[in-house]
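Thanks for making the time this morning.

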Amino acid sequence: MTTPPPLRLKGWGKVVEIGVKSASGTLLLPNDPETGESDLGHDVPNLAVRGHEGYRLRIHAREADTPVEGHLVISFPGNSAKAKVYK
C-alpha cells in the first residue's frame, strides 16, 4: 500500500494518527500490565507488516455515549512522526 487507507470518522468519538518507527520489525499492542494478558481475549497480530520501517498508526475510539468500549487500530507504512487529530 502506497497511500493511507480511507479515513473513517463516522461512529468514532476520537480519531488520532501518530508516527512510529519499528527498530525491531515488530509493533505490538501492550498487554494488561497487571495480568500480562491481552484485554481483547486474543492475541493481536504484529502491526509492523513490512518489518523495519516507519509506520503510521491510526487509532479510533468509540463515542463516549456508546454502551460498549471499542477501538480500531490501523497500521500502514509512513515516515512522518507528526501527530494528527482528526476528531
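When I say buried, I mean a residue under 20% relative accessible area, with exposed being over 50% and partly exposed in between, using a 1.4 Å probe and protein chains only. Please keep in mind that this is a predicted model, in which local features need pLDDT of at least 70 and side-chain atom pairs count only at pLDDT 80 or more, while totals for chains, interfaces and linings use all residues. Residues are numbered from 1 along each chain as its sequence is written, and side-chain values use heavy atoms, with hydrogens and water left out.

Let me start with the charges. Side chains of opposite charge can pair when their charged atoms come close. Searching the whole structure for salt bridges, by which I mean a side-chain nitrogen of Lys or Arg within 4 Å of a carboxyl oxygen of Asp or Glu, turns up two. One of them joins the side chains of E17 and R56, at 3.0 Å from N to O. Because E17 lies in strand β1 (residues 12-21) and R56 in strand β2 (residues 54-62), this pair ties together parts that are 39 residues apart in sequence. Strands here are DSSP runs of E with at least two residues, and helices are runs of H or I with at least four, numbered from the N terminus.

E17 also forms a salt bridge with R58, where the closest N and O atoms are 2.7 Å apart, and this pair again links distant parts of the chain, from β1 to β2, 41 residues apart.

Turning to the strands, two of them pair if DSSP finds at least two bridges between them. β1 and β2 pair in the antiparallel sense over nine bridges, and within that pairing G19 has R56 as its bridge partner. On β2 there is also an antiparallel pairing with strand β3 (residues 71-77), over seven bridges, where I59 stands opposite V73.

Finally, H60, which lies in β2, is buried, with a relative accessible area of 1%. Counting heavy atoms within 4.5 Å as contact, and leaving aside residues up to four places away in sequence, H60 touches several residues, including W12, V15 and L72.
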